[in-house]
Amino acid sequence: SAAESQAISLAVIPGDGIGPEVIAEAVKVLQAATATEAAKFELTEYKLGAEHWLASGETLSDETLAKLRTHDAILFGAVGAAPGDTRIPSGLIEREMLLKLRFSLDHYINLRPAKLFPGVPSPLADPGEIDFVVVREGTEGPYVGNGGALRVDTPYEIATEVSVNTAHGVERVVRDAFRRAQARRRKLTLVHKHNVLVHAGHLWRRTVEAVGQEFPDVAVDYLHIDAATIFMVTDPSRFDVIVTDNLFGDILTDLAAAVTGGIGLAASGNINMDRTVPSMFEPVHGSAPDIAGQQKADPTAAILSVALMLEHLGLPEAATRVQEAVEKDIAGRGTAARTTSEVGDAIASLL
Ligand code: ATP
Ligand code: MG
């Protein structure tokens, strides 16, 4: 029916630690922001993560993966064991759940906006206007597990971790970055290290040059990764859209989060622009076992991830409403500590 075709089916994975706490607020804000939209969200919760593995032995079964695939989007909190929890093999949940999900759903764009909101202290003395997005490649580079170790635990050990860069993989993320730049301030910065990483670096450069022909109104800049880290601290307002590989993007986006006020505000999307596959939206931070269960976590990063999701789902007005409510709340934040749900309530009531 027409009513059914208006429904947006959302998978919610609260996960471990502070994941369920921040996701509860994100859902609260999603409902407030979309109350007036014709499209209604239908939520299905999935229990996944370290606690779920301990209880059931499942990391991410093919059956659960098949169910997740049927949704329009995934809202994700955080997964992971507390450090020192010896019941859970190190890296198990990351590899067999998170990476499996990312590779199966081919989330080739890791999108991380970096914006310094008025009222947020930056560690930079003179931050200027910081408002850029990093488009990090999500499925290739040194993270594909292509490598090995020889003569392990001898003085002659050899370990390799091969960075994989395909013409297809680079082109699709570069084209996406150009599109995003076109919709913003029309400046794209490619970050790599092509003077040393010659083979991959030149593929990235040639691809940016070739795809750039289709976007003559977008100015293209190039920075080596080391120079990019300097400029992110000394002159971050020079950036609009940054496109980079998986490893450089990982490092650069943590730096970007740091200069814009930290981990409690950093949102991200793991995106596949093919709309038949659900993209996944999540705060950049982890499960923070040190503060879990205490209502101390800042849910803003999870809430801003909802804004990214709404934008991706073709609800830009709702996305803007969330973004503006967050900005308003941040601008009015005093020094008094608020609980996780107090922050969520405040933002929801602004909507
Ligand atoms: P992961 O391996 O899952 O990325 P991590 O070891 O990088 O985890 P986080 O879980 O992100 O670490 O936590 C890092 C630090 O930041 C911790 O001290 C945590 O308490 C704090 N932190 C993380 N998220 C938040 C948040 N939303 N609000 C407040 N503090 C946070
Ligand atoms: Mg981390």
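In this predicted model, helix α10 passes helix α11 in a left-handed crossing. The two helices, α10 at residues 300-312 and α11 at residues 316-331, pack at an angle of about 160° with their axes 7 Å apart. Because angles over 145 degrees count as roughly antiparallel, α10 is roughly antiparallel to α11. On the α10 side the contact is made by Thr300, Ile303, Leu304, Val306, Ala307, Leu310 and Glu311, which meet Pro316, Ala318, Ala319, Val322, Gln323 and Val326 in α11. The residues of this contact divide into 10 nonpolar, 2 polar and 1 charged.

Helix α10 also meets helix α2, which spans residues 19-34. Here the axes come within 8 Å and cross at roughly 45°, so that α2 and α10 are oblique to each other, and α2 passes α10 in a right-handed crossing. From α2, the residues Val22, Ile23, Glu25, Ala26, Val29, Leu30 and Ala33 meet Ala302, Ile303, Ser305, Val306 and Leu310 in α10. The contact of α2 with α10 is made up of 10 nonpolar residues, 1 polar and 1 charged.

The two pairs are set out below.

| Helix pair | Angle | Axis distance |
|---|---|---|
| α2 and α10 | roughly 45° | within 8 Å |
| α10 and α11 | about 160° | 7 Å |

Turning to the ligand, 15 residues surround ligand 1, and the closest of them are Gly264, His285, Gly286, Ala288 and Asp298. The shell around ligand 1 consists of 8 nonpolar, 5 polar and 2 charged residues.

Technical notes: Residues numbered from 1 in each chain as written. Chains lettered and ligands numbered in written order. Predicted model: local features only at pLDDT ≥ 70, side-chain atom pairs only at ≥ 80, totals over all residues. Axes fitted to C-alpha atoms, helices over the stretch in contact; angles between N-to-C directions. Helix = DSSP H or I, 4+ residues; strand = E, 2+ residues; numbered from the N terminus. Parallel < 35°, antiparallel > 145°, perpendicular 65-115°, else oblique. Left-handed = near helix turned anticlockwise from the far one by under 90°. Contact = placed C-beta atoms within 7 Å. Nonpolar A, V, L, I, M, F, W, Y, C, P; charged D, E, K, R; others polar. Near = placed C-beta within 6 Å.
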